[in-house]
Amino acid sequence: MTEDEVRALLQRGKGQEVDFQPERVSARRLAESLVALANAGGGTVLVGVGGRPARPRGLRDPQAARDKALEAALLAEPPLIIPLPQVVTLDDKSVLVIAVPPGLPHVYSLRGKYLIRMGAQNKPLTPRRLRRLMMERGEVSFESLVPPGATLDDLDWDKVEDYLSSLEGMGAATPEEALLRRGCLVKRDGEYRPTNAGILLFGAEPQRFVRSAEIIVARYAGREMSDAFLREDIRGTLPDQIRRAEAFLVDNMKRGVRLTGLSREERPEYPIKAVREAIVNAVAHRDYAIRGDEIRIFMFSDRIEFYSPGRLPGHVTVENIVEERFSRNEVIVQVLADMGFIERLGYGIDRMIKLMRDYGLPAPRFQETAGGFRVTLYGGGAVLMGEEVDRGRWAHLDLNQRQEKALAYLLEKGRITNREYQELCPEVSSETLRRDLADLVDKNILLKIGKKRATYYIFK
């Protein structure tokens with residue numbers, strides 16, 4: 001949060017979504033506000049503020065205040081997983097900003113007491129409202145459960161150290177305590193045990209415990225599924241899966257030329273950031289309790305489809321998906337946000353839409369299926385890919401005109417066979433054309449698929 005945003009909250013005053021607390025506030029009192037805001041749909045607590053009108057008094061020990069905030073979050077039942085509290089300086093005085101995200105998946109309590117933010121106060125939830133809230137929100141999430149037999153030895157501690165080294169202000173004495181605060185570990189009978197979230201994010205072999213936690217990516221040459229495709233089954237931790245899925249799509253993405261005024265712009269068919277958002281969205285929000293189904297990303301000549309198991313969570317629908325927030329996997333979402341994959345409060349849907357439109361492409365299509373959720377990104381097609389190949393792109397490779405014609409055909413069709421190349425150049429011998437294609441393979445431009453009569457070529 002920026003200095004200007006904090007000043008705006010101070011000017012707005014204490015209310016439904018904003019609470020002010022002095023530095024000396026107890027962890028329990030702070031937990032009351034965090035629980036109340038979480039049950040009401042999120043908000044912000046500013047520590048180190050007092051007086052009327054509200055003004056910053058400053059923190060004598062910002063790190064101690066931050067530790068108290070994280071302690072307060074753990075007092076909630078179930079523990080609240082929030083972004084790391086942020087210290088902002090106003091007029092040479094430090095204020096601690098504690099953000100409670102909207103769309104959290106549970107109903108939270110403090111020592112058996114359920115609170116909700118009403119106006120500028122924390123009030124007990126009425127029985128009727130509590131029942132309704134419990135119906136709207138799931139009470140036991142898969143990510144918070146402990147996989148049978150899982151121990152600390154099942155985590156990759158090098159990945160844990162890399163993650164923790166990038167965080168500022170966690171204030172935990174040990175890596176185990178840090179993961180406990182992040183919901184990746186629980187403590188039972190005095191021993192730390194990894195949760196499903198911890199295994200998925202940092203496990204040495206995550207699929208040993210959550211078998212369906214994988215991504216299948218495939219590229220088809222045309223607009224429909226066919227027997228000709230490239231496929232990769234991606235396993236490992238969720239951050240590694242995101243990186244590898246993005247690399248596959250980028251490597252197999254068509255590049256083309258778009259005329260903008262009098263200039264020519266070479267660019268990929270899809271905005272890379274929008275593709276990344278779609279991958280992260282599928283990974284962060286899928287239902288990992290569903291067995292026998294995995295994330296599937298299919299790349300066609302005119303679109304990319306991202307399917308994730310599990311229908312939309314909570315009160316989110318296709319119609320309100322841009323405005324509403326509900327995180328099925330709050331721990332996974334928060335850790336991925338810590339790692340820089342997503343903005344914790346944004347979740348990426350509105351950003352994905354803007355990226356596609358700014359690129360001159362249709363807005364993504366969102367569909368709820370019988371057992372899952374699908375996002376479709378449509379490519380530029382003829383708008384991006386001209387029939388004429390950009391010769392400047394291949395100039396340094398010293399290609400002949402026949403090869404340039406073959407590449408132009410590939411840009412339009414996605415693949416080329418020996419017969420199709422012969423039809424493009426009927427006056428040339430089949431042996432010469434074979435050598436042309438072999439040369440493009442040697443130069444790492446094309447990839448040869450199949451054998452004998454079933455052979456065809458695609459961009460590498």
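**Exercise 1. Take apart the aromatic cluster formed by Tyr220, Phe229, Phe298 and Phe300.**

A word on the ground rules: this is a predicted model, in which local features need pLDDT of at least 70, side-chain atom pairs count only at pLDDT 80 or more, and totals for chains, interfaces and linings use all residues. Residues are numbered from 1 along each chain as its sequence is written, and side-chain values use heavy atoms, with hydrogens and water left out.

*Solution.* 
- Step 1: recall that rings of Phe, Tyr and Trp (its six-membered ring) pair if their centres lie within 6.5 Å; planes under 30 degrees apart are stacked, over 60 edge-to-face, the rest tilted.
- Step 2: the structure holds 5 aromatic pairs. One of them, Tyr220 with Phe229, is tilted, at 5.5 Å centre to centre and 45 degrees between the planes.
- Step 3: Tyr220 also pairs edge-to-face with Phe298, at 5.9 Å and 90 degrees. This pair links distant parts of the chain, with Tyr220 in strand E12 and Phe298 in strand E16, 78 residues apart. Strands here are DSSP runs (E, at least two residues) and helices likewise (H or I, at least four), numbered from the N terminus.

**Exercise 2. Is Phe229 buried or exposed, or in between?**

*Solution.* 
- Step 1: buried means under 20% relative accessible area, exposed over 50%, partly exposed in between (1.4 Å probe, protein chains only).
- Step 2: Phe229 has 36%, so this residue is partly exposed.
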